[in-house]
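Please open the model in the viewer and keep the selection panel at hand.

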Amino acid sequence: MKPLRILFRSISSAFKSVFRNLSLSLASLSCIVITLIIVSVAITFSSNVNNITKKIEGDLTIVTFVKSETEETKIKEIEENLKVLPNIESVSFISKDAVKEEMKEENDTYKKIIEDWQEGENPLDSYFLITVKNIDDIGETAATIKNLEGVDAVNYGEGLVEELVSVFNMIKNAMIITVAALVFVTAFLISNTIKITIYSRRSEIDIMRLVGTSNTVIKLPFIFEGLFLGAIGSIIPILATIYSYVFLYDKLGGIFFNPILPMIEPYNFVFKVSLALLVIGSIVGMFGSYKAVRKYLKI
Amino acid sequence: MSFIELKNVYKVYKNGVTAVADVNINIKKGDFVFIIGQTACGKSSLIKLLYREERPTKGQVIVGGINVAKLKNNRVYKLRRKIGIVFQDYKLLPKLTVYENVAFVLQSYGYKEADIKPRVIDALTRVGLKEKLRSFPNELSGGEQQRVCIARAIVNKPKVLVCDEPTGNLDATTSKEIMNVIDSINKELGTTIIMATHDQDIVNRMKKRVIALKDGMLIGDWEKGSYKLDEAA
Ligand SMILES: Nc1ncnc2c1ncn2[C@@H]1O[C@H](COP(=O)(O)OP(=O)(O)OP(=O)(O)O)[C@@H](O)[C@H]1O
Ligand SMILES: [Mg+2]
């Protein structure tokens, strides 16, 4: 009961302090709001980039053509050889008969051509569809496959895909650095606010120390004050994120100008981002005030 | 058994000033002790050593079984809960009412509100301020503010009350009233009183134990003494 009461009194004291020093609080709150909005943009953007990267990576396959007239036992052998290679996620075989049937279904021109073929004739090639575990090594894997016996040709959107992925990764890393820098700035701002609060309450702190208040009880309200500043500062960025993302999603029809660049669906996603903002704001606020308390409250 | 014990205590400040030099004092529970001496003789320094506002440079300070010199910073509050402190400048919080100024001590200890109220009322009644619970410090006279300070000091029922010139800012009549309050705390609650002062009238009238300092050194320690500095020197 006693620790609980102390906790409760610290919280209410911190809350009062936020409003007692309203102009000071507002100054640091507006900085927190701006920072968290930028953090939100960074998170939203990099999550989407990440999502697109994953999707492209997931769709990416190595098409491996088998030499014409390869016997079935030989094909089984090739499949076994493929499966034991490193970096292989899955291997599926598409026989040339299946390709023929599929082409017949696709359109009438193909159908006509294929129907002109003699019974049993099939100049098409069978192939394997291979997905890889690590997209970065796809070139190397493709080269290894090409050297396998019985393999004719290997095909995987060379170059373009890798370039796209590496550009996306660069964007992601830039975002991470931006977020880290902003988080640092926010922590510094909150620390500064708490420092001023500590100075404005110096005599109160001195009196508390003289009458036997424990250090923890003296420090706790300041820690909570930082937490509140961070949490309160995240409200506007959260609302802004939810409204603008939903708006943008509707406006753009769920894609970034091109169907191969889909947006993450707003439902759930915006709430995850909101939670992240609240948590980042609170933790950064607490961390900032903890730093100030350590530095300026030498007790 | 002494409640407070100082053994060969020295206090040398960073600037080289020796404020307390080789002082030995024993004070029993329930004693009433005046500490007298001219300005800058080390009265405040000696008192600050008791509640660990300053650490002794050398020697031993023991208060209620606590070895004050060895006390770690984050444990000082345990000592201060056993000591009530009365200041010359009252040190009240201007934005809190009289009641709140006393109650916040126990609140900060984590006491229940239901336990706090009767103890605060009791302390304020004892100093004769029951009628002014809702006043703010700037609405009170100096004497009344000092009463609030005393009420705050005794609200946790400390074993010892240390007072550094509690009447230093008050006129003779008001000083007398404040001394009556402190005397009654000593008599009725059995609280040990240690009071630094250079008010000769008070010391001579009350006939308590007197400890005299000069240049940081103890020059006299008399039971039922009076204010005399030259005779001892
Ligand atoms: N924090 C400090 N740092 C350096 N010197 C100090 C400090 N506090 C007190 N002194 C010096 O120590 C000596 C004793 O000071 P102290 O305040 O104990 O005297 P006092 O007897 O209380 O005087 P007064 O009657 O004027 O209150 C003085 O010379 C003073 O200048
Ligand atoms: Mg003094």
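The stops below begin at the ligand and then turn to a sheet in another chain. Please bear in mind throughout that this is a predicted model.

**The surroundings of ligand 1**

Select ligand 1 and display the residues around it. The shell comprises 13 residues, and the closest include B:Thr39, B:Ala40 and B:Ser44. By class, five of the shell residues are nonpolar, six are polar and two are charged. Next, highlight helix α1 of chain B, residues 43-50: with three residues, this helix gives the most to the shell.

Now select B:Lys43, where a polar side-chain atom lies 2.7 Å from an oxygen atom of the ligand. At B:Gly42, a polar backbone atom is 3.0 Å from an oxygen atom of ligand 1. Moving to B:Tyr13, one finds a polar side-chain atom 3.4 Å from a nitrogen atom of ligand 1. On its own, ligand 1 has 630 Å² of accessible area, of which the protein covers 65%.

**The sheet of chain A**

Select the four strands of chain A that form an open, antiparallel sheet in the order β2-β3-β1-β4. Which strands stand at the edges? They are β2 (88-94) and β4 (151-155); each has a single partner strand, so one side of each is left without a neighbour in the sheet. From one strand to the next, the twist averages 20 degrees.

Within this sheet, select β1 (residues 62-66) and β3 (residues 127-132) of chain A, which run antiparallel and are joined by four bridges. A:Ile62 has A:Ile130 of β3(A) as its bridge partner.

Finally, select helix α3 of chain A, residues 72-83. This helix lies across β1, β2, β3 and β4 of chain A and runs at about 165 degrees to β2(A).

Key:
Residues numbered from 1 in each chain as written. Chains lettered and ligands numbered in written order. Predicted model: local features only at pLDDT ≥ 70, side-chain atom pairs only at ≥ 80, totals over all residues. Heavy atoms only, no water. Near = heavy atom within 4 Å. Polar contact = N/O pair within 3.5 Å; in protein donor to acceptor, adjacent residues only side chain to side chain. Areas by Shrake-Rupley, 256 points an atom, 1.4 Å probe, with all protein chains shown as cover. Helix = DSSP H or I, 4+ residues; strand = E, 2+ residues; numbered from the N terminus. Nonpolar A, V, L, I, M, F, W, Y, C, P; charged D, E, K, R; others polar. Pairing = 2+ DSSP bridges. Axes fitted to C-alpha atoms, helices over the stretch in contact; angles between N-to-C directions. Contact = heavy atoms within 4.5 Å.
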